[in-house]
Amino acid sequence: MPHSTAYVVTDRPDRYIGRLVSHLGHDAEAVLGGDGRAVIDLPSGRCVLRSCAGGIEAIATAADEKALAGVRDAVTGHLLRLAPEELVVDWSPPVGGDAVWAMSPVVDDYLLTHCSPADEVLADLVVRTREETGGSAGMQISHDEGALLTMLARMSGARLAVEVGVFTGYSSICIARGLPPGGRLLACDVSTEWTSIARNYWERAGVADRIDLRIGPALETLRALPAEPVVGFAFIDADKESYPDYYEEVVTRLSPGGLVVVDNVFQGGRVFDPAFQGDAQLAVRRLNETIARDERVESVMLPVRDGVTIARRVG
Ligand SMILES: C[S@@+](CC[C@H](N)C(=O)[O-])C[C@H]1O[C@@H](n2cnc3c(N)ncnc32)[C@H](O)[C@@H]1O
């Protein structure tokens, strides 16, 4: 489903959004929230407008490019009628959902080089993973995400952590390093081949004695855990179709204040676009909706790499 964005420079964004909503409200369903965000549903598609520093951000979406042009024209026409002299509405070309980048490559690169640096073990593991797993190496988390995991695991104070999706062990090292003395990481994966690489690097990182590797479907491993709030930290990064089930098994076992971190919640941008109806996208989209409404947790979604959700158990 294509979308276009526009940034409209004005020092009166709220005023124009409010007036646009009341104008368009005659031919469309238009709702203005107290936060200055307006959702306008036109027969041809949707436009979301947000008041921001120095202007209005607009996002138009529709089923195809012709309908998208209809949404853009309707919004542009009404805005220009409000202030023909003052406003310039310049839409980006249509973009498909899979071409949405959460961050520009420049920002991504800056983030990578402005967090605590990777030590030699992690740097070597990156190289070895590329050499031994070829194209699968892209499954490894990035260095900045690893730094985030170490920090969150440490801040959670978890004595028991759970990881769903080990691969060659990068995230396991990052989580294990954040655990207090005596802390344990239950690491779940189905692959003996990939996790045999992980074991070597856990030894080198000095964390092997605190990691219990369980080979087998992670859902079975999780369901075998006591049904009590014993987990202080969890990281979910395995087969996406099972994400809703992993989340449910983990969240019921999270101790108060415990954290669950979910990776790849953007699905390469496909999660934003209903045109993508693959099993993985449906499952992750469903989980994202569930977490946002889940009263057992407070949550935030961050644009780190392919999107990361952090949910904290509130009681
Ligand atoms: C994206 S990779 C994990 C990357 C890892 N977190 C890292 O930092 O390198 C996903 C992993 O999930 C594992 N996996 C896939 N299906 C699984 C399942 N049903 N149960 C457990 N692990 C599974 C795969 O074998 C793979 O190693």
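Trainee: Which strands does helix 2 lie across, and at what angle does it run to strand 5?
Mentor: Helix 2, residues 65-82, lies across strand 1, strand 3, strand 4 and strand 5. It runs at about 150° to strand 5. This is a predicted model.

Trainee: What makes strand 1 and strand 2 edge strands of their sheet?
Mentor: Start with the order. The open sheet of five strands runs 1-5-4-3-2, with antiparallel pairing. Strand 1 (3-9) and strand 2 (29-32) each have a single partner strand, so one side of each is left without a neighbour in the sheet. The twist averages 15° from one strand to the next.

Trainee: How do you know that strand 2 and strand 3 pair?
Mentor: Count the bridges. Pairing needs at least two bridges. Strand 2 and strand 3 (residues 37-42) have four, in the antiparallel sense. Look at Val31: its bridge partner in strand 3 is Val39.

Trainee: Which strands does helix 1 touch on this sheet?
Mentor: Helix 1 (residues 13-24) touches strand 2, strand 3, strand 4 (45-52) and strand 5 (55-62). The direction of helix 1 makes about 155° with that of strand 4.

Trainee: Why are helix 4 and helix 7 called roughly antiparallel?
Mentor: Check the angle. Helix 4 (residues 120-133) and helix 7 (residues 192-205) pack at about 165°, with their axes 11 Å apart. Angles over 145 degrees count as roughly antiparallel. Helix 4 and helix 7 are therefore roughly antiparallel to each other. Their crossing is right-handed.

Trainee: Which residues make the contact?
Mentor: Helix 4 gives Val121, Leu125, Arg128, Thr129, Glu132 and Thr133. Helix 7 gives Trp194, Ile197, Tyr201, Arg204 and Ala205. Six of these contact residues are nonpolar, two polar and three charged.

Trainee: What domains is the protein divided into?
Mentor: Domain 1 (3-95) and domain 2 (108-313). Their centres, taken over C-alpha atoms, are separated by 38 Å.

Methods
Residues are numbered from 1 along each chain as its sequence is written. This is a predicted model: local features need pLDDT of at least 70, side-chain atom pairs count only at pLDDT 80 or more; totals for chains, interfaces and linings use all residues. Axes are lines fitted to C-alpha atoms, for helices over the stretch in contact, and angles run from 0 to 180 degrees between N-to-C directions. Helices (H or I, at least four residues) and strands (E, at least two) are DSSP runs, numbered from the N terminus. Angles under 35 degrees count as roughly parallel, over 145 as roughly antiparallel, 65 to 115 as roughly perpendicular and the rest as oblique. A crossing is left-handed if the near helix is turned anticlockwise from the far one by less than a right angle, and right-handed if clockwise. Two residues are in contact if their C-beta atoms, placed from the backbone, lie within 7 Å. Ala, Val, Leu, Ile, Met, Phe, Trp, Tyr, Cys and Pro count as nonpolar, Asp, Glu, Lys and Arg as charged, and the others, Gly among them, as polar. Domain bounds come from an automatic or database domain assignment.
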